[in-house]
Amino acid sequence: MKTRNLFLTTIIIILAISCTEKLPLDKDLTKKSYNLIDQNGKEVVFPEIIRGSITVMGFIYTHCPDICPMTTHNMYLTQKELKKADINDVKFVALSFDPDRDSPEVLKKFAEVRELDFKTWTLLTGEKSTVNDLMKRFDVKAIKTDESIDEDGNSEYSMMHTDRISLIDKNGRLRKNYKGSTLNIEELVNDIKTLKD
Amino acid sequence: MSILFAILFVLFPPEDKIKIKDPWMRPSSEKMATALYFVIENKTETADTLFQVDSDLAEKVEIHETYSDGEMMGMRKVNFIIIKGSSSFELKPGAHHIMLMKLKKDIKDGDEGEFVLHFKQAGEIKITATAKKQN
């Protein structure tokens, strides 16, 4: 009996270590709530909107021509791969770190032209201070660069930012970060399968 | 003089010096930005320089490069791209690209756009790029 218990305990420890290696983080995101606005202009609370669902979260700004579209497209391709595996209940969230320019209307257009499915996708913006607070929670940084004023008096700028996609489990815990633009889609899909097991 | 240039153009078209392969751009929406990518093949033995790109699709067109600093990624304008003799240069996602700012209309998957590339040696080269959802 003692040998059997020892064997089972060893197996559990090995499985736990293996899972920790695959999903190295365990940060509780539910301790604080953030009032944000989705692509429809509706007020939503993060992380309440993702509670109970495994979530893939990307950090973007829509004036970005290269990195952020790559990140968004990698999330789109991840969803395609998950559908092939008959996994349809994962949520996808894109948070804009440029709320000054990324209004709900702008986010909606950004999603529509990329044919993102609003049944599973939510794009978020909000008060700058709230967005900044939430980014700090994920350790995501964004800094304005090359700022100038155009002929109409509008501010034009690029942003230097963390290249990030994050995986959040059903309990609102951040489990792993990935490089958004060069995401290994197979790795993320496998990690989602691990969370589902 | 213009007749001489015309004869030279017919005898030595710019495409014989520089070949543009696989041009494509990302879908995007009106007033926003997007990127154009392609491969430049310099078929001559001397270097050439891409210094300007024009298009009616956007209010502003610039040559840009994406760069990284640790986990951070940024983008900056570059004034030109030099393509060494008998070599290729690829403008690709996460690297050099042509940035189209303040698009005049939506660009959807499958849409086409025309561009004029200006090279110091080869002169003007017109290309057509298709919008594709890809990385």
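Tutor: A salt bridge is counted when a side-chain nitrogen of Lys or Arg is within 4 Å of a carboxyl oxygen of Asp or Glu. The model is predicted, so local features need pLDDT of at least 70 and side-chain atom pairs count only at pLDDT 80 or more, while totals for chains, interfaces and linings use all residues. Side-chain values use heavy atoms, with hydrogens and water left out; residues are numbered from 1 along each chain as its sequence is written, and chains are lettered from A and ligands numbered from 1 in the order in which they are written.

Over all chains, the count comes to 23 salt bridges. In one of them, E48(A) meets R51(A), with 3.9 Å from N to O. E48(A) is partly exposed, having a relative accessible area of 36%, and R51(A) is partly exposed at 46%. Here buried means under 20% relative accessible area, exposed means over 50%, and partly exposed is in between (1.4 Å probe, protein chains only).

A second salt bridge joins D100(A) and K128(A), at 3.2 Å from N to O. D100(A) sits in the loop between β5 (91-96) and α3 (104-113) of chain A, while K128(A) belongs to helix α4, so this pair ties together parts that are 28 residues apart in sequence. Helices (H or I, at least four residues) and strands (E, at least two) are DSSP runs numbered from the N terminus. K128(A) is partly exposed, at 40%. The pair also belongs to a network of salt bridges that links D100(A), K128(A), K144(A) and E147(A).

Helix α4 spans residues 128-138 of chain A and also holds T130(A). T130(A) is buried, with a relative accessible area of 17%. Apart from neighbours within four places in sequence, T130(A) is in contact with Y34(A), N35(A) and L36(A), where contact means heavy atoms within 4.5 Å.

Another salt bridge involves both chains: R164(A) pairs with E71(B), their closest N and O atoms being 3.2 Å apart. This pair runs from strand β9 (residues 164-168) of chain A, which holds R164(A), to the loop between β4 (58-69) and β5 (72-77) of chain B, which holds E71(B). R164(A) is buried, at 3% relative accessibility, whereas E71(B) is partly exposed, at 49%.

D48(B), in strand β3 of chain B, gives a contrasting case. D48(B) is buried but has no salt bridge, and the nearest side chain of opposite charge, that of K17(B), is 7.1 Å away. For charge, Lys and Arg count as positive and Asp and Glu as negative, with His and the chain ends not counted. Backbone nitrogens do approach the side chain of D48(B): that of A122(B) lies 2.9 Å from one of its polar atoms, and that of K120(B) lies 3.3 Å from a polar atom of the D48(B) side chain. Not counting residues up to four places away in sequence, D48(B) touches several residues, including I18(B), N42(B), I82(B), F119(B) and Q121(B).

As for chain A as a whole, it has five helices and 10 strands, and buried residues make up 51% of its 197 residues. Among its contacts with a separation of 6 or more, 69% come from residues 24 or more positions apart.

Key:
Polar contact = N/O pair within 3.5 Å; in protein donor to acceptor, adjacent residues only side chain to side chain.
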